[in-house]
Amino acid sequence: MNSPKANSFPKSTMRERSMGPNPLKLCEELLGCAHIPAGSVVLDLGSGAGLTSALMAREYGLVVYAADLWSDPSENMRFFEGCGLTGKQVIPLKADATALPFAAGFFDAVVSVDSYNYFGRDPNYLGEHLLPLVRQGGELLFAIPGMVRDCHDDLPACLLASWTPEQLDFMHDMDWWRANFAQTEGVEVLDMHEMACTREAWSDWIGCDNEYAAGDRAAVEAGALDYLNTIAVRLRRR
Ligand SMILES: C[S@@+](CC[C@H](N)C(=O)[O-])C[C@H]1O[C@@H](n2cnc3c(N)ncnc32)[C@H](O)[C@@H]1O
């Protein structure tokens with residue numbers, strides 16, 4: 001795929017800071033489905049080591065709050081500074097998605113790449129914790145690692161080559177997510193589709209030199225991507 005903004009980051013940076021399938025390519029494709037004007041205030045939810053936050057701030061001119069539970073905001077700030085970004089363009093913070101410290105209606109948009117399935121599987125999550133922070137008419141864009149069709153009752157061996165049934169329970173198909181979002185009032189599903197860059201993003205990930213990427217390699221090489229996809233979700237607060 002053509003991902004000029006994602007590819008503006010050195011491959012070595014992508015490899016050092018990815019925590020899953022290439023988040024830069026996923027984010028560029030995801031943002032291509034929507035129009036978030038420069039200057040918009042965006043929550044990058046589950047921002048990890050900050051790749052997508054840096055991409056959105058530097059390449060799209062968005063004001064990005066990079067919120068993550070496991071990563072160190074000071075280390076992320078150093079990365080952002082190395083990308084030529086200031087604390088006015090991207091604001092790193094440690095925060096739990098279920099206790100976000102922001103005023104109601106603060107954000108023009110939310111973007112979440114490879115993270116929403118950690119906390120958003122609870123059908124009450126969206127309405128109780130996230131939607132209220134987005135202004136009316138604001139959009140929420142998620143790239144969720146998913147399944148082509150839920151197969152939890154009969155998991156194929158290729159998936160079990162790298163993951164336990166408990167880990168695979170974090171992945172679901174589009175119908176499952178549609179039913180999850182349908183339980184929240186005040187939100188409109190504008191679009192859901194399978195993302196085109198999934199295989200490329202996974203290929204970049206298993207080429208990374210870390211133990212998590214190495215652990216995922218067996219499943220991918222055994223054919224896991226025939227069963228897995230990435231689901232792009234575009235929601236709007238009414
Ligand atoms: C697979 S990593 C993806 C990180 C990043 N978006 C990327 O693609 O490189 C999942 C991220 O979700 C974050 N996360 C998980 N549970 C969370 C929670 N309750 N609140 C905030 N972040 C959470 C973790 O801190 C982790 O960085």
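Helix axes here are lines fitted to C-alpha atoms over the stretch in contact, with angles running from 0 to 180 degrees between N-to-C directions. The model shown in every view is predicted.

**View 1. Helices α10 and α11 cross.** Two packed helices are described by the angle between their axes and the distance between the axes. The axes of α10 (residues 198-206) and α11 (residues 211-221) come within 9 Å. They cross at roughly 130°. Angles over 145 degrees would count as roughly antiparallel and 65 to 115 as roughly perpendicular, so α10 is oblique to α11. On the α10 side, the contact involves W202, W205 and I206. These meet A213, D216, R217 and V220 of α11. By class, the contact has 5 nonpolar residues, 2 charged and no polar.

**View 2. An open sheet of 7 strands.** Strand order is β3-β2-β1-β4-β5-β7-β6, and the pairing is mixed. Neighbouring strands are turned by 15° against each other on average, direction ignored.

**View 3. Strands β5 and β7 pair antiparallel.** β5 covers residues 134-147 and β7 residues 228-237. The two are joined by 9 bridges. E139 stands opposite R236 of β7.

**View 4. Helix α4 lies across β2 and β3.** The helix spans residues 73-82, and β2 spans 63-68. α4 runs at about 160° to β3.

**View 5. The shell around the ligand.** The ligand is surrounded by 21 residues. The closest are P23, G46, G48, W70 and A97. Helices α3 (51-60) and α5 (116-119) each give two or more residues to this shell. Its make-up is 9 nonpolar, 9 polar and 3 charged residues.

Definitions and conventions. Residues numbered from 1 in each chain as written. Predicted model: local features only at pLDDT ≥ 70, side-chain atom pairs only at ≥ 80, totals over all residues. Pairing = 2+ DSSP bridges. Helix = DSSP H or I, 4+ residues; strand = E, 2+ residues; numbered from the N terminus. Contact = placed C-beta atoms within 7 Å. Near = placed C-beta within 6 Å. Nonpolar A, V, L, I, M, F, W, Y, C, P; charged D, E, K, R; others polar. Parallel < 35°, antiparallel > 145°, perpendicular 65-115°, else oblique.
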